[in-house]
Amino acid sequence: MVLKSKTAKANFDSLLRIFTVPEGPGSTLTQIEDKISQNLNQFLREHIVSEEKPLKAIEQDFLSSQIPEQPVFVSEHTQHLLDKVVAQSVHTSAPSFIGHMTSALPYFLMPLSKIMIALNQNLVKIETSKAFTPLERQVIGMLHRLIYTGSEDFYTQWMHSANHSLGAFCSGGTIANITALWVARNNALKAQGSFQGVEKEGLFRAMKHYGYEGLAILVSERGHYSLKKAADLLGIGQQGLVVIPTDEHNKIKPDALQTTIRQLKQQQILPFAVVGVAGTTETGNIDPLAEIAAICQQEQCHFHVDAAWGGATLMSNQYRHLLNGIEQADSVTIDAHKQLYLPMGAGMVLFKSPTSSHAIEHHAQYILREGSKDLGSRTLEGSRSGMAMLVYASMHIISRAGYELLINESIQKAAYFADLIRQQNDFELVSEPELCLLTYRYVPEQARLALQHCTGDALDQLNQQLNELTKFIQKKQRESGKSFVSRTQLTPKRWQYLNTIVFRVVLANPLTTKDILHSVLEEQRHIAALAPALLREIQRSAASILSDKI
């Protein structure tokens, strides 16, 4: 559909106005700003439609591939965005939308974001960032201290050192993980004798020099998909990402990890990095970090912890023990846009040693000169925004004590929801919450009883039928727009490691109440009744299994 609206004149005076003169008090854009400032959540509720529109229908509004020849008035286009984009966005901050890792945002981030955008700093170099550079270094130092609990003298010496770095801001956990493993690879294949290092001579010559047949990164089967990207980009191939089995609690098995490392070494394959997960994306579980750290130290592997989700738990004195061992990691990923309640685009990688990032240092004559404090010399990304300012503001306005309250509330809310599910005759808790994530599914009462008595083909058939029901409920719930839970696939030990589709919820939003959790289950129960054919199949299978046992 072609946008039909009044057009302005494409002259230089008109262009100057949009750079210098704000919209009038009655304009659409000004009204939007006022409403967002007064009540952000109410504005979103009013403008995001509740019932889902098919993507094919939405695409009809975005078919033209031509750049418009004539400009459109700001208010005209703002209304277009409200009608066609905002209305069909995902209401990630809604307290009943508990399937996303994004949450409601603190109101103060809206005006502060305007300041950040207006300043338009580029954190790649001092000349385009000035105060933002020491600010970002301080934020990195604050999170480094949260993880590694260094002394005051340590941060005085290293936090603002031009020739060192305690970490890097990134656009998210994917870039943070890639950066950490890039450092690990370059340090594993560093310069030696006449060999100038992998960063200069390339992977082929590095492998030849060191006599390796291959390289490997080891991670549990619950590792994030970004690690596949890292393996690809670092030249070791996705087959070089070696998956280690997990136990019934979705945690990596240390014995299997150590055995695999030794087997790889016998094959002349270098396991240069092990990734421990502190808050798996699917279930929120935390690997035994202290045990992994001991193995990595013994086997001389870089130990990276992907704490993109769970890292914020360190803010809680009550629950930080869940991440014991993270302080022994060589590098750690944290995403501020998860449980630090920042908008999207704020990830970080922290390095235990101030010299670790020397392995990826790059300089140029016109920028990133040696000896300068330019942040871009040790980051994968070049130009970056000043997102650190928003993290800095949140650290001060919310404070560690405030974050502790948010973290504690989210974990306790997950425990409450788990108990609520256990009390139902027609729901089954699949993974126990460790942080604020959990998984469950809808299982009619007769089917729950049958599951306890079947094996083999009968179990497989009943499980497949329940999988279809779970998919149906999740899809219909999403389309209704009242609430949202996501879904994933697990292999629970109790059901003989069969592929089991489950609901997945993230209870990080402080606006999500216990009443909402009750209503989510009631809605799912109601939706299940809208699939009588599926329910009859499940009932027949369950009845057959139970009759055989009588």
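Which residues does Lys338 touch, not counting residues up to four places away in sequence?

Modeller: Lys338 touches Met101, Ala308 and Trp309, once residues up to four places away in sequence are set aside. Bear in mind that this is a predicted model.

Start with the record. An unreviewed UniProt entry annotates Lys338 as "modified residue: N6-(pyridoxal phosphate)lysine". That label comes from the entry and may be inferred rather than shown by experiment.

Now the setting. Lys338 sits in the loop between β6 (331–335) and β7 (347–351). Its relative accessible area is 15%. The cut-off for buried is under 20%, so Lys338 counts as buried. Its side chain makes a polar contact with the side chain of Asp335, at 2.5 Å.

Next, the core. Leu340 is one of the three residues that touch the most other members of the largest nonpolar core, together with Phe417 and Tyr440. That core holds 110 residues. It draws at least three residues from each of domain 2 (122–188 + 215–385) and domain 3 (414–548). A separate core of 32 residues lies apart from it, with Leu189, Leu241, Leu270 and Phe272 among its members. Back at Leu340, the contacts are Leu143, Ala312, Met315, Ile334, Met395 and Tyr403, leaving out residues up to four places away in sequence.

Ala180 comes next. This residue is in helix α9 (residues 173–188). Its relative accessibility is 0%, so Ala180 counts as buried. Beyond its neighbours within four places in sequence, Ala180 contacts His302, His304, Ser331, Val349 and Phe351.

Move on to Arg222. It lies in the loop between β2 (214–220) and α12 (226–233). Arg222 has 9% relative accessibility, so it counts as buried. Its side chain and that of Asn250 are joined by a polar contact of 3.1 Å. The contacts of Arg222 are Thr246, Asn250, Thr280, Glu282, Leu490 and Thr491, again not counting residues up to four places away in sequence.

Step back to the domains. The assignment for the protein chain gives domain 1 (12–89), domain 2 (122–188 + 215–385) and domain 3 (414–548). The C-alpha centres of domain 1 and domain 3 lie 39 Å apart. Four residues from domain 1 and five residues from domain 3 take part in the contact.

Now a strand pair. Strand β8 (residues 427–431) is mostly covered, with five of its five residues buried. It runs antiparallel to strand β9 (residues 437–442), and four bridges join the two. A hairpin of five residues links β8 to β9. Within this pairing, Glu428 has Arg441 in β9 as its bridge partner.

Thr470 touches Arg441, along with Ile501, Val502 and Phe503, not counting residues up to four places away in sequence. Thr470 is in helix α18 (residues 456–480). Its relative accessible area is 2%, so Thr470 is buried.

Last, two backbone points to check. Most residues other than glycine have a negative phi. Gln496 is not a glycine, yet its phi is positive, at about 55 degrees. It is in the loop between β10 (486–490) and β11 (500–506). Gln496 has 43% relative accessibility, so it counts as partly exposed. Asn120 also has a positive phi, near 50 degrees. Its place is in the loop between α6 (109–119) and α7 (132–148). Asn120 has 63% relative accessibility, so it counts as exposed.

Key. Residues numbered from 1 in each chain as written. Predicted model: local features only at pLDDT ≥ 70, side-chain atom pairs only at ≥ 80, totals over all residues. Heavy atoms only, no water. Core = buried A, V, L, I, M, F, W, Y, C linked by side-chain atoms within 4.5 Å. Buried < 20%, exposed > 50% of the residue type's maximum accessible area, 1.4 Å probe, protein only. Domains from an automatic or database assignment. Contact = heavy atoms within 4.5 Å. Pairing = 2+ DSSP bridges. Polar contact = N/O pair within 3.5 Å; in protein donor to acceptor, adjacent residues only side chain to side chain.
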